[in-house]
Amino acid sequence: MRFVIADFRAGSISAREAAANLSANASALEGMPYVLTREVANLMMQLEDAAIVEEDGFQSNSREIAKRLAAEIEKVPTNV
C-alpha cells in the first residue's frame, strides 16, 4: 500500500488507479484495528470521489487525501 501512495504522489499513477490498487490491497489486510480499517476505507472512498472530479476536468483535493491516507497506512501493523 505504501508503494501505491508513493507512485500516486510521484505522478506515476492516477487517482483512479491508486484507489483501485489500494482497495484491492486493503481487503487482504488482517490484524488491522477496526477503527483504522474504517478510516482507511473512508479515505479510499474520498480518493475515488476525487478521481471522478479529476476525470471530469476539475481540480480535486486528491493530493491532500493521499497525504492523509499515507499517514493512516503508516499505522498498519507490519508484524501480524
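## A first look

What percentage of the 80 residues of the protein count as buried? The value is 32%. Keep in mind as you read that this is a predicted model.

The protein has four helices and zero strands. If you start at the N terminus and follow the chain, the elements run α-α-α-α.

## Overall size and surface

Along its principal axes, the C-alpha trace spans about 40 × 20 × 20 Å. For 80 residues, a compact globule would have a radius of gyration near 12 Å, and the protein agrees with this, because its own value is 12 Å.

## The nonpolar core

In soluble globular proteins, nonpolar side chains tend to be buried together. Here, the largest nonpolar core has 23 residues. Within this core, F8, L22, V40, L47 and L69 touch the most other members. Helices α1 (2-10), α2 (15-26), α3 (34-55) and α4 each supply at least two residues of the core. The largest share, seven residues, comes from α3.

Leaving aside residues up to four places away in sequence, V40 touches M1, M32, L69 and E72.

Is E72 buried or exposed? The relative accessibility of E72 is 14%, and a residue under 20% counts as buried, so E72 is buried. You can find E72 in helix α4, which covers residues 62-73. Not counting residues up to four places away in sequence, E72 touches L36, E39, V40 and L43.

S62 also has its place in helix α4. What does S62 touch, not counting residues up to four places away in sequence? The partners are F8, A15, L47, A50 and E54. Two of these partners, F8 and L47, are among the core residues that touch the most other members. S62 has a relative accessible area of 3%, so this residue is buried too.

How values were computed:
Residues numbered from 1 in each chain as written. Predicted model: local features only at pLDDT ≥ 70, side-chain atom pairs only at ≥ 80, totals over all residues. Heavy atoms only, no water. Buried < 20%, exposed > 50% of the residue type's maximum accessible area, 1.4 Å probe, protein only. Contact = heavy atoms within 4.5 Å. Rg over C-alpha atoms; globule rule 2.2 N^0.38 Å. Core = buried A, V, L, I, M, F, W, Y, C linked by side-chain atoms within 4.5 Å.
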